[in-house]
Structures are given as structure tokens and as C-alpha cells.
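Here is a short briefing to read alongside the sequence and the 3D view. Take a moment to look around before going on.

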Amino acid sequence: MTDLHRKTLVELAAGLRARRFSSVELVRAYLERIEASQATLNAFISITGESALRDAQAADAALAAGAAGPLTGVPIAHKDLFCTQGVRTSCGSRMLDNFVSPYDATVVAKLKAAGAITLGKTNMDEFAMGSSNETSYYGPVRNPWNTGMVPGGSSGGSAAAVAARLAPVATATDTGGSIRQPAALCGVTGIKPTYGRVSRYGMVAFASSLDQGGVLATTAMDAALVLREMAGFDSNDSTSVDVPVPDYVAGLEQPLAGLKVGLLKEFFDKGLERRTEKCIREALRVYESLGAVLSEVSLPSLPLSVPVYYVVAPAECSSNLARFDGVRFGHRCANPRDLQDLYRRSRGEGFGAEVKRRIMTGTYVLSAGYFDAYYLKAQRVRQLINADFIRAFQSVDVLMGPTTPTPAFAIGAKTSDPVTMYLNDIYTIGANLAGLPAASIPCGFVEGLPVGLQIVGPHFSEARVLAVAHAFQRDTDWHSRVPRDYA
Amino acid sequence: MPLTREQIASIAALARLDLSSSEIPIYQNSLSSILEFIGALEAADTANVVPMAHPLPGQSQRLRPDVVTESDHHEQYQANASQVAAGLYLVPKVIE
């Protein structure tokens, strides 16, 4: 059974139920692939092999007894910012290097209840702050398509793991593009749901009005299956929305004929690399051939989304990360002189350079005398961007455009200039500011590196977004390409 | 205008972050360029625009019944602390 990793999650779940292979075999196969890849890709921070094999035995017993849930025996990886009871949850930071979570995040608990087995915790940018996975305390993740390149971030470990078939699916989070951008750069399918759709309980907080959990998978169908189990109201999250979760899998076969697709004019700007644009235009032609009707849509305030984000996200981050004080959990400096010294040195030592940069940016924009000029102003412009989206969705069903301006860039290429790095998320941030569901699907290659097509829908239209992605994947095979060394 | 060393030191003090003297010029540079970048917002016409606090309109804070839902987990929680004694978190002496 050496080809198990080439199967989709849906095929694996069916194979387990038909007893064509066991969960133990499956988990062992993926654990071997993870171990073999670690020295090269560094996609995992923690590997939970022992408990995974124990859980797989239990899953096999449940399958034999005919008591299987939708994901029973299927392996999954979790981004290391989802709390996992009894397992280190580091968030890619020295600050939480010694933190063993006392509880499961709602997402983790729900996937466990559905029968999924945790293979381990994936690498990520520290506290999800980064677009290249280079800010991790545990070292960068490498792109399986070309190990000199970044996998994107912040969910770089999850994306690389799915791309290299080290796990059939992985959880991820998206605050400004952290699911979609690595999905594009690693050639996998990623969906960030509507804000409030997936519980944030047990997700280490970065920017609470933007953070949203989601899925990275090889196909939209697999993403639909996992999202159906993850989504839903949770009283433990004060911004969780009590809206029924449709059956995303059952909704995949909606016909595309007559679908009104808006092409985001602002996304086809001069920053968009020419060959990346060519892949996107070809993907749009596929949609046209499937019956979609394309028209150009302009969102005039959208170009301000990156500056808005770099006020709002650091402001929320500086508040959220104030909890790391070296007292109750997390890194504590040696021999503190007094309480202030304990705070300052624990934080100075525990946080990496990018996290400190964002905390300080946030502290500055929230400080007396600057609050109105920066924070309040940004929240007003955010309203304009949101209004642009609402207006656009009055005339189109979904918006499409590139996920990123270029394919993956070289490791180290953008680390010296934070603003250049921030501009990587220029096409993804808008959906976070407006709380919209958005997906990225593979739609071609430039010099052996994957390109992602972005699909954005109105609030709570995950079923539509996934169906639109699925229709493309029925007609093309970009999503089933596997990097040569991991085929 | 680029931020001065003193400004960076004061922001770091507000944020309770200890910075080494070699880190300060790095943040002088990068924070100055970030502030210049976000300065683009100034030109946007936002007269009569209400600041957006939440992505979904019409949400209100829910209240739950005022009943105890948690059980005692202090030993489990304190396993993550650097210093505890007699069920208490220890910090350097605050009051002499």
C-alpha cells in the first residue's frame, strides 16, 4: 500500500469503511512520510506518532464494529496554533515552546469527535505573523515544489504538508491571507470561511476581528468534508455566529451555468506578474466554458486594504499578546529583578523580531494622540472597503482574481523589508477586512511553481465558493499534481 | 519623519518589551517605513463614515446564564507556570 498518500480524503474515508486498508496502515504510512520529509521541509513542529497509532487502533475497532463517524480513522494535521490537550501548542514561538495545552480547541475537539486522527502540529510563522513561514522559532518551512522557495505563510507548514502529501488535510487559520496565500504558493486548495463560521475558541489569538480557522486540502471536495465537521456555532466564542451549517459536500454539484463572476479590476494591477496573470486568465476561460458569465468589477477602496490591515491587525495583536507576561504560562526570563523586569525581559526574549515589530506598531497606533489618526481612520476605511464588497455582490455571485501577485519567492528574499513582505497579501486581505469566505485553488504553474486562483463570495456562501472550486477541479487536473520528490 | 531612538524606547516601554541597543535602530527603520506606508490612509475621504468594528452587522454580545460551568483545573493550568507554590503563581516581590 505505497500509494495511499495519492488518494483524496474522501477516497481514504471510503477505503477505510470498505476495510480495504486499516487506519493503522494509513497512519503509519503518513508518519513515515512526515519523518522522511522533516530534514528537508520542516513542515511539523510536533509529531504525535504514538497517540496517532493508538487512536488508529481504536478507529479500526470502531470501523469493524460499524460505529464509524464521517472521518473515522482519517489522519489530519493541525496548525500549531490550535490548542491540543496534552500536546505542546507553540504557535511557532519561543514564548510558547514549553506550553502544553490543558484543553482542545473547538476545531480540534470537533474533528476528533468526527473520528479524525492527529498526526502532529504543523510549523507556522510566529503567532501567525508572516507571509513566508520564515518567522517561526522552529526554522523556516521549505516549499515542496522547490526547496529554495518559501511555502507562504502563516500556515506554511500545513500547506507544505498537504502539498507533499504528508497529511491528506490540515487545519489552518487566515487573518490576512494565511490560508489562501500558502495554498497558492504550494499548489493546494484552501478555504477561509466567513468570519464567525468556525469557532475561534482555543485558537491562539492574533487579530480577533480578522482571525478565522479553515482548511487546506488537495481538493475542494475534501475541504468541504472537513469544513462541514469544523464549522458551527460555539458558545465559547463570543463572535461565533448561530447560522445553520449546510452540507457542503452535498452542495458541491450545483451547476455553474449562468454564474455571475466579477473580475476584480484592482487585482489585475501592475503588481501582478505577467505569467501568473496568464494562468489566471486561462482559468477564467475554463469558467466561461462551464457557463459562467464574466464581467469586470471595480472596488475603488480595495487598494487601501493593506494599509488598513497594518493598523487594525497590529492594534489587535498588541492587545491580545499583552497576556504573555511570564507569570502563568509561557517563557519566563531568568532571575527577574522586579515585576517590570520580569515582563519586559520575558517578552523581549520570548517574542521574535516580527512579533515585536507588530506589537510596537500596534502600541503606537493605539497610543494617546495617535488613536484617531490611525486606528479610527483605519476602521473608517475598512467600512469603505466593506461597502465596496457589498455593492459588488449586488451584481455578481462570486469575485475572482489571483491569490498572490507572484508565485513562491526565494527564502530570504523579502526578510529585510517588512513592507515588501506585507504587500504579498495585497489580494487576500480584503476578504478578511470584510469577513468574507474566500478560497484559493491551483490553476497552473510558472517555472515549476504553482499559481492560485482566488474565489471570494458573500457572507456565509461557503457552499457556493466550494461548488465553484469543485466545478473547476472536475474539469482540470492542476490540483492533482504532486511535487516530484513526494509523488 | 523617521522615529527617533527615544520614541522607539518609549513604545517598547509601553509594550513591556526589553530591546537591546542593537535592536533599536532596526525598529527605527522598519516602524518608520510602516508608518509611512499606513500614512496612505490619510488621503481617503472618510467624512461621515462610521468606523467598522465588526465584519458582520447586527451582532450583539450574547449573555449566558450566570451559573458555574467550569470545574477546578488549577493543577493542570499551573503545570504550565514557571514558578508556583501552594497553588499560587509566584512573581518577584512587588511590595517591600
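Of the 487 residues in chain A, 63% are buried. Keep in mind that this is a predicted model. The predictor assigns the complex an ipTM of 0.96 and a pTM of 0.97.

**Chain A as a whole**
- Chain A is built with 15 helices and 11 strands.
- Its radius of gyration is 21 Å, close to the 23 Å that the globule rule gives for 487 residues, so chain A is as compact as a globular protein of that length.
- Along the principal axes, the C-alpha atoms of chain A fill a box of roughly 60 × 55 × 45 Å.
- If you take the contacts in chain A between residues at least 6 apart in sequence, 76% of them join residues at least 24 apart.

**The nonpolar core**
- The largest nonpolar core holds 168 residues, and Leu216(A) and Leu466(A) have the most contacts inside it.
- Helix 9 of chain A (residues 305-320) supplies the largest share of this core, with nine residues.
- Leaving aside neighbours within four places in sequence, the residues in contact with Leu216(A) include Ser155(A), Val162(A), Ala172(A), Ile179(A) and Gly190(A).

**A closer look at helix 1 of chain A**
- Which residues are buried in this helix, which spans residues 9-17? They are Leu9(A), Leu12(A), Ala13(A) and Leu16(A).
- These four cover an arc of only 100° around the axis, which puts them on the same side of helix 1 of chain A.
- The general idea is handy to remember: an α-helix has 3.6 residues a turn, so residues three or four places apart point the same way.
- Among the elements covering the buried residues of helix 1 of chain A are helix 2 (23-41), helix 3 (49-64) and strand 4 (169-174) of chain A.
- Just after helix 1 of chain A comes Arg19(A), with a positive phi of about 60°.

**Where the two chains meet**
- Chain B brings 40 residues to the contact, and chain A brings 53.
- On the side of chain B that touches chain A, helix 1 (5-14), helix 2 (23-38) and helix 3 (74-78) of chain B each supply at least two residues.
- Helix 2 of chain B gives the most to that side, with seven residues.
- Sorted by class, this side of chain B has 27 nonpolar, nine polar and four charged residues.

**Confidence in chain B**
- Chain B has a mean pLDDT of 92, and 100% of its residues reach 70 or more.
- Among the elements of chain B, helix 1 of chain B has the highest mean pLDDT (97) and helix 3 of chain B the lowest (93).

Definitions and conventions: Residues are numbered from 1 along each chain as its sequence is written. Chains are lettered from A and ligands numbered from 1 in the order in which they are written. This is a predicted model: local features need pLDDT of at least 70, side-chain atom pairs count only at pLDDT 80 or more; totals for chains, interfaces and linings use all residues. Two residues are in contact if their C-beta atoms, placed from the backbone, lie within 7 Å. Ala, Val, Leu, Ile, Met, Phe, Trp, Tyr, Cys and Pro count as nonpolar, Asp, Glu, Lys and Arg as charged, and the others, Gly among them, as polar. A residue is buried if 20 or more other C-beta atoms lie within 10 Å of its own, exposed if 12 or fewer, and partly exposed in between; C-beta atoms are placed from the backbone. The arc is that of the directions from the helix axis to the C-beta atoms. pLDDT is the predictor's confidence in each residue, from 0 to 100. A nonpolar core is a set of buried Ala, Val, Leu, Ile, Met, Phe, Trp, Tyr and Cys residues joined through C-beta atoms within 7 Å. The radius of gyration is taken over C-alpha atoms; the globule rule is 2.2 Å times the number of residues to the power 0.38.
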